[in-house]
There are 2 protein chains.
Amino acid sequence: MKDTTIIYGKNAIIEALENEEREFNKILISNNARADAKIEQIKKLALQKGIVFQFVAKEKLNSIEPDGRHQGVIAQIAPIKYYDLDEFIEKHKGELSSVVLLDGVEDSHNVGAIIRSCVCAGIKGVIIPSRRGVLINSTVEKTSAGATSHISIIKVNSPVSAIQKLKENNYWVIASDHHAEHNHYEIDYTDMNFVLIMGAEHAGISKSLLKLADYKVKIPMLTNFNSLNVSNATAIILFEYVSQLCKKNNKK
Amino acid sequence: MKDTTIIYGKNAIIEALENEEREFNKILISNNARADAKIEQIKKLALQKGIVFQFVAKEKLNSIEPDGRHQGVIAQIAPIKYYDLDEFIEKHKGELSSVVLLDGVEDSHNVGAIIRSCVCAGIKGVIIPSRRGVLINSTVEKTSAGATSHISIIKVNSPVSAIQKLKENNYWVIASDHHAEHNHYEIDYTDMNFVLIMGAEHAGISKSLLKLADYKVKIPMLTNFNSLNVSNATAIILFEYVSQLCKKNNKK
């Protein structure tokens with residue numbers, strides 16, 4: 001394995017172990033790690049899959065992950081496999097599919113939390129422009145609680161071309177924009193493929209992308225403090241979609 | 001000013017300056033800070049309010065906030081004023097009022113993001129049990145983007161007594177619980193005072209609190225990856241309430 005990255009934290013490592021596609025180099029467990037159910041599960045899964053695990057001094061883990069949030073376990077794994085947009089579109093042809101594009105979202109904690117919400121909401125992919133945003137790093141993996149292993153992460157060079165390609169393939173383009181006329185709950189998300197574009201917290205979505213939107217939606221606020229965290233804003237819109245879908249299915 | 005705390009980041013400081021109730025000691029601005037619109041606004045507000053500001057070497061700011069997220073400006077201010085629950089209830093008597101109680105939410109980033117969503121959603125207070133959770137620190141202030149200045153933060157010793165007191169004062173108790181029978185959107189939030197209880201991500205809400213709930217609600221998931229970040233979960237429920245209120249007011 002030439003390139004490796006690290007992931008840390010018990011849940012993130014368990015999720016990665018349960019994903020057939022993640023390739024492990026080895027797992028380092030602290031000598032002092034409490035032998036709790038999750039550490040036991042990590043050891044068991046590693047044994048089943050023939051992955052080396054080593055007990056090391058806690059200081060060794062601290063030198064790899066200096067913020068001390070490793071919870072006594074770090075895995076060296078192959079970097080996440082990024083999908084190509086064509087590959088993604090092809091994979092989901094013939095089914096309803098939805099994807100989120102992050103335009104300039106640069107905080108790793110937000111990207112991780114967004115990926116986590118996407119997986120919970122049944123979103124099939126997250127598009128990250130390679131020049132505007134963070135790629136998947138250890139903080140993203142940890143904050144996502146392992147969700148990166150359950151969704152296609154698509155890296156694109158040009159978000160504009162990506163949106164155009166999605167439009168050609170029958171995806172409707174929804175942009176979150178706090179100047180929008182419509183509230184996010186006024187759209188029926190349930191019967192279409194869609195790509196939801198979320199912008200950076202202060203800058204918003206770039207104009208070239210906004211122009212391509214079929215729908216612009218805003219989240220109404222009850223005060224003048226008009227400033228939701230971007231991962232919360234994403235969750236609010238995605239779970240409006242989930243609510244609509246659940247209501248529809250209950251009606252049938 | 002005996003006790004001081006620090007807040008950092010341009011938005012957090014602007015929000016605090018705009019709040020009549022926050023008492024400043026002084027503001028430190030980095031020599032190298034770009035003279036952008038927000039730094040100018042901070043200087044202008046400080047002059048108006050007679051607050052001392054000093055230009056200092058960036059290293060000085062780094063020594064106060066070693067993570068380097070201060071954006072070139074740090075303020076020394078009096079610690080936030082915590083409200084007493086009785087005081088809060090009295091203040092909002094005669095109007096519809098809602099409040100969020102955080103039961104064991106320990107991550108400062110999550111607490112900050114939750115306070116931010118609460119302010120956007122018109123929630124009047126956030127209750128933090130002094131023994132189970134984080135109190136307001138610099139990270140909370142920064143992550144909240146200054147929202148702590150726009151909401152009552154209520155510190156209580158016993159969350160159970162707090163809930164009982166709210167019940168006696170006509171607040172309905174809603175608990176987020178992923179074992180609940182009802183989906184979060186099945187409740188009409190618009191015509192009542194309510195307290196929404198959110199628990200820690202893994203442990204959930206303590207049993208003694210759950211027993212006091214009038215409604216238990218869950219957020220339905222579209223996959224088995226049943227693990228939303230607690231700040232996202234809070235935002236989803238609060239903005240269901242906001243949507244209901246907006247829909248109702250449009251109907252009138």
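In this predicted model, the centres of domain 1 and domain 2 of chain A, taken over C-alpha atoms, are separated by 31 Å. The domain assignment puts domain 1 of chain A at 5-77 and domain 2 at 85-251. Where the two touch, 13 residues of domain 1 of chain A are in contact with six residues of domain 2 of chain A. On the domain 1 side of that contact, β1 (5-8) and α1 (10-18) of chain A are the elements that give two or more residues, and α1(A) has the largest share, with five residues.

Now hop over to chain B and look at its sheets. One is an open sheet of four strands in the order β1-β4-β2-β3, with mixed pairing. β1 (5-8) and β3 (52-56) of chain B sit at the edges with a single partner strand each, so one side of each has no neighbour in the sheet. From one strand to the next, the twist averages 25°. B:Ser30, for instance, has B:Val56 in β3(B) as its bridge partner.

Two helices pack on this sheet. Helix α1 (residues 10-18) of chain B touches β1, β2 and β4 (73-77) of chain B, and its direction makes about 35° with that of β4(B). Helix α2 (residues 37-49) of chain B touches β2, β3 and β4 of chain B, with its direction at about 150° to that of β2(B). Which residues of α1(B) are buried? They are B:Lys10, B:Ala12, B:Ile13, B:Glu15, B:Ala16 and B:Leu17. The cover over these buried residues of α1(B) includes β1, β2, α2, β4 and α6 (138-143) of chain B.

Further along chain B comes another open sheet, with seven strands in the order β7-β6-β5-β10-β8-β11-β9 and parallel pairing. Its edge strands are β7 (152-156) and β9 (182-183) of chain B, each pairing on one side only. Inside the sheet, β8 (residues 171-176) and β10 (residues 193-199) of chain B run parallel and share five bridges, and B:Tyr171 stands opposite B:Asn193 in β10(B). Helices pack here too: α5(B) touches β5 (98-103) and β6 (125-129) of chain B, with its direction at about 170° to that of β5(B). Helix α7 (residues 159-168) of chain B touches β5, β6, β7, β8 and β10 of chain B, and its direction makes about 135° with that of β8(B).

That leaves the meeting of the two chains. Here 30 residues of chain B are in contact with 30 residues of chain A. On the chain B side, α5 (108-120) and α9 (230-251) each supply at least two residues, and α9(B) gives the most, with eight. The residues on this side of chain B divide into 18 nonpolar, 11 polar and one charged.

How are the copies arranged? A rotation of 180° with 0.0 Å of shift along its axis superposes chain B on chain A, at an RMSD of 0.1 Å. The two copies are therefore related as by a two-fold rotation axis. The contact itself fits into this picture: 100% of the interface residues of chain B are also interface residues in chain A, so the copies meet through the same surface.

Technical notes. Residues numbered from 1 in each chain as written. Chains lettered and ligands numbered in written order. Predicted model: local features only at pLDDT ≥ 70, side-chain atom pairs only at ≥ 80, totals over all residues. Contact = placed C-beta atoms within 7 Å. Nonpolar A, V, L, I, M, F, W, Y, C, P; charged D, E, K, R; others polar. Pairing = 2+ DSSP bridges. Axes fitted to C-alpha atoms, helices over the stretch in contact; angles between N-to-C directions. Buried ≥ 20, exposed ≤ 12 C-beta atoms within 10 Å, placed from the backbone. Domains from an automatic or database assignment. Least-squares fit on C-alpha atoms with pLDDT ≥ 70 in both.
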